[in-house]
Amino acid sequence: MHDPKALALFQEIHKKTMAGKLAWQPTAEPNKFVAPMLGKYTLTLVPYTSRDEWGAPQGHPSIMLDDEKNATIVEMHTGVDGIAPDDLESLLVFARRTALNADQKIDELLQELQKENDIPF
Amino acid sequence: MEVSALDQPTFTTRMIDFVGRNWGNLASVAGLIVASVSAYFAKRASTAAKQARQAILSSSLAEEINLAQKLAAEVGNLIDLGQHELARLRCNDLHDRTLTMLKRWEATLPVDSKNNLLNAKAQLVSLRVVTSKLAATAIAPTARQVSQMQDSCGKIRDIFVEEHASAMRRNDEADNA
């Protein structure tokens with residue numbers, strides 16, 4: 001599907017997420033993250049594109065943009081020309097890192113591990 | 001012929017004469033002063049009324065958030081107790097209340113507060129999905145599910161506590177203005 005606006009929006013979201021500048025928040029559902037914006041829009045990132053009739057998740061991650069009336073105004077998934085599955089997967093990984101403050105925790109762990117490698121003289 | 005002092009016009013007669021000739025101008029000046037004073041007091045009254053209205057509105061918002069905060073604590077307790085069906089119902093109530101707040105106070109709330117409330121709303125939607133599934137299947141949640149639900153409840157509670165404090169601060173600022 002050719003949707004230049006959805007693609008442009010996805011590219012910005014991807015860029016901001018990779019830079020850790022988009023405040024993704026974890027939810028009660030596993031691997032589902034939300035990011036409210038401008039006081040009226042909510043970005044929702046889920047680890048699937050759709051669900052089958054049994055409710056099983058299918059496809060790569062996808063993002064939905066909901067407006068203040070709870071209507072989904074844009075959906076960003078692999079069906080949009082220019083959105084690659086790898087980009088969506090990396091987006092999910094980095095959104096999770098932001099939501100769980102993982103960078104800080106990884107740095108802390110790295111420091112500790114590197115300390116153990118130091119040879120005391 | 002010599003003019004005696006008694007023939008001179010007195011200060012009073014001169015004043016009467018002056019007023020008689022200029023009463024129109026004097027009335028205009030007096031009218032202008034009265035109008036200015038009235039306008040000054042009207043402006044002060046209007047400002048005070050605006051401040052009072054703002055204080056009442058802020059207080060009403062703070063009360064609404066306070067009620068939501070109590071409901072959020074209840075949702076958390078129900079999740080802790082494993083009462084998923086009841087938790088789902090309370091999630092619905094709190095979701096509707098949050099939506100009402102967002103719509104009712106759209107013009108008053110700052111963007112950060114709106115984002116916070118949108119976050120709470122999204123958390124409640126997720127919590128509703130999870131509790132619905134658990135209530136429908138009657139399967140005990142995994143440790144991870146419990147932890148995620150508790151985190152989500154904690155986040156919702158924090159949002160309402162923070163927003164309640166912000167609303168109270170705005171109240172204080174309006175009172176001190």
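A crossing of two helices is left-handed if the near helix is turned anticlockwise from the far one by less than a right angle, and right-handed if clockwise. Keep that in mind for the first exercise; the model you are looking at is predicted.

**Exercise 1. Describe how helices H3 and H4 of chain B pack: which relative direction do they have, and which hand does their crossing show?**

Solution. 
- Step 1: Locate the pair. H3(B) covers residues 111–137 and H4(B) covers residues 143–176.
- Step 2: Take the geometry. The axes lie 10 Å apart, and the packing angle is about 155°.
- Step 3: Apply the cut-off. Angles over 145 degrees count as roughly antiparallel, and H3(B) and H4(B) are therefore roughly antiparallel to each other.
- Step 4: Read the hand. H3(B) and H4(B) cross in a left-handed sense.
- Step 5: Look at who makes the contact. Residues from H3(B) include B:Leu117, B:Ala120 and B:Leu124, while those from H4(B) include B:Met149, B:Ile156 and B:Phe160.
- Step 6: Sort the contact residues by class. Nine are nonpolar, eight polar and three charged.

**Exercise 2. Work out the sheet of chain A: what is the strand order, and which strands form the edges?**

Solution. 
- Step 1: Write the order. Five strands of chain A make an open sheet, S1-S2-S3-S6-S7, with antiparallel pairing.
- Step 2: Find the edges. S1(A), at 25–26, and S7(A), at 72–76, each pair on one side only.
- Step 3: S1(A) is joined by two bridges to S2(A), residues 33–37, and the two run antiparallel. Here A:Pro26 stands opposite A:Phe33 of S2(A).

**Exercise 3. Judge the overall form of chain A: is it compact or spread out?**

Solution. 
- Step 1: List the elements. Chain A has three helices and seven strands, running α-β-β-β-β-β-β-β-α-α from the N terminus.
- Step 2: Compare with the globule rule. For 121 residues the rule gives 14 Å, but the radius of gyration of chain A is 17 Å, so chain A is more spread out than a compact globule.
- Step 3: Along the principal axes, the C-alpha atoms of chain A fill roughly 65 × 35 × 30 Å.

**Exercise 4. Characterise the side of chain B that touches chain A: which element gives the most residues?**

Solution. 
- Step 1: Count the partners. 15 residues of chain B contact 14 residues of chain A.
- Step 2: Name the contributors. H3(B) and H4(B) are the elements giving two or more residues to this side of chain B, and H3(B) gives the most, with 11 residues.
- Step 3: Classify. This side of chain B has seven nonpolar, six polar and two charged residues.

Key:
Residues are numbered from 1 along each chain as its sequence is written. Chains are lettered from A and ligands numbered from 1 in the order in which they are written. This is a predicted model: local features need pLDDT of at least 70, side-chain atom pairs count only at pLDDT 80 or more; totals for chains, interfaces and linings use all residues. Axes are lines fitted to C-alpha atoms, for helices over the stretch in contact, and angles run from 0 to 180 degrees between N-to-C directions. Helices (H or I, at least four residues) and strands (E, at least two) are DSSP runs, numbered from the N terminus. Angles under 35 degrees count as roughly parallel, over 145 as roughly antiparallel, 65 to 115 as roughly perpendicular and the rest as oblique. Two residues are in contact if their C-beta atoms, placed from the backbone, lie within 7 Å. Ala, Val, Leu, Ile, Met, Phe, Trp, Tyr, Cys and Pro count as nonpolar, Asp, Glu, Lys and Arg as charged, and the others, Gly among them, as polar. Two strands pair if DSSP finds at least two bridges between them. The radius of gyration is taken over C-alpha atoms; the globule rule is 2.2 Å times the number of residues to the power 0.38.
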